[in-house]
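Thanks for coming, everyone. Please look at the model on the screen while I go through charges over rings, salt bridges and one surface patch.

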Amino acid sequence: MKYPLLLLIKLYQWTISPLLGPVCRYYPSCSHYGYGAIDRHGAIKGTALTAWRVLRCNPWSPGGVDHVPPRKHPVWHERLRNRRRHRAHTNALGA
């Protein structure tokens with residue numbers, strides 16, 4: 001689902017965005033932010049971050065620099081990764 005969304009954003013950037021000109025109050029532009037958010041966080045969370053960004057981009061917003069937040073790994077992800085490393089290391093020693 002991630003790649004069709006990225007394609008839609010690229011199509012927007014190539015077709016509609018040049019006609020509108022630089023209207024975004026933030027850097028990077030909302031479409032570049034959306035592309036980066038979906039690419040980094042996946043379809044669901046990236047779309048939510050993009051929607052929140054587009055809602056904040058309005059005439060009453062001060063704008064400014066707003067980069068895509070870094071991806072956070074939950075605690076269970078780290079534990080699973082460490083468990084797999086331990087098993088691979090134990091299997092390599094036992095073989």
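The charged end of lysine 10 sits over the ring of tyrosine 35, 4.9 Å from the ring centre, where sitting over a ring requires NZ of Lys or CZ of Arg within 6 Å of the centre and within 35 degrees of the ring normal. This is a predicted model, in which local features need pLDDT of at least 70 and side-chain atom pairs count only at pLDDT 80 or more, while totals for chains, interfaces and linings use all residues. Residues are numbered from 1 along each chain as its sequence is written, and side-chain values use heavy atoms, with hydrogens and water left out.

Arginine 56 likewise lies over the face of tyrosine 26, at 5.6 Å from the ring centre, and arginine 56 also forms a salt bridge with aspartate 66, with 2.9 Å between the closest N and O atoms; by salt bridge I mean a side-chain nitrogen of Lys or Arg within 4 Å of a carboxyl oxygen of Asp or Glu. Aspartate 66 counts as buried at 15% relative accessibility, whereas arginine 56, at 23%, counts as partly exposed, the classes being buried under 20%, exposed over 50% and partly exposed in between, with a 1.4 Å probe and protein chains only.

How many salt bridges does the whole structure hold? The search finds four, including one between arginine 81 and glutamate 78, at 3.9 Å from N to O.

Finally, Leu7, Leu8, Leu11 and Trp14 form a nonpolar surface patch with about 460 Å² of accessible area together, from the Shrake-Rupley method with a 1.4 Å probe, where for residues only the protein chains shown count as cover; patch members have over 30% relative accessible area and no salt bridge, like charges being joined within 9 Å and nonpolar side chains (Val, Leu, Ile, Met, Phe, Trp, Tyr) within 5 Å.
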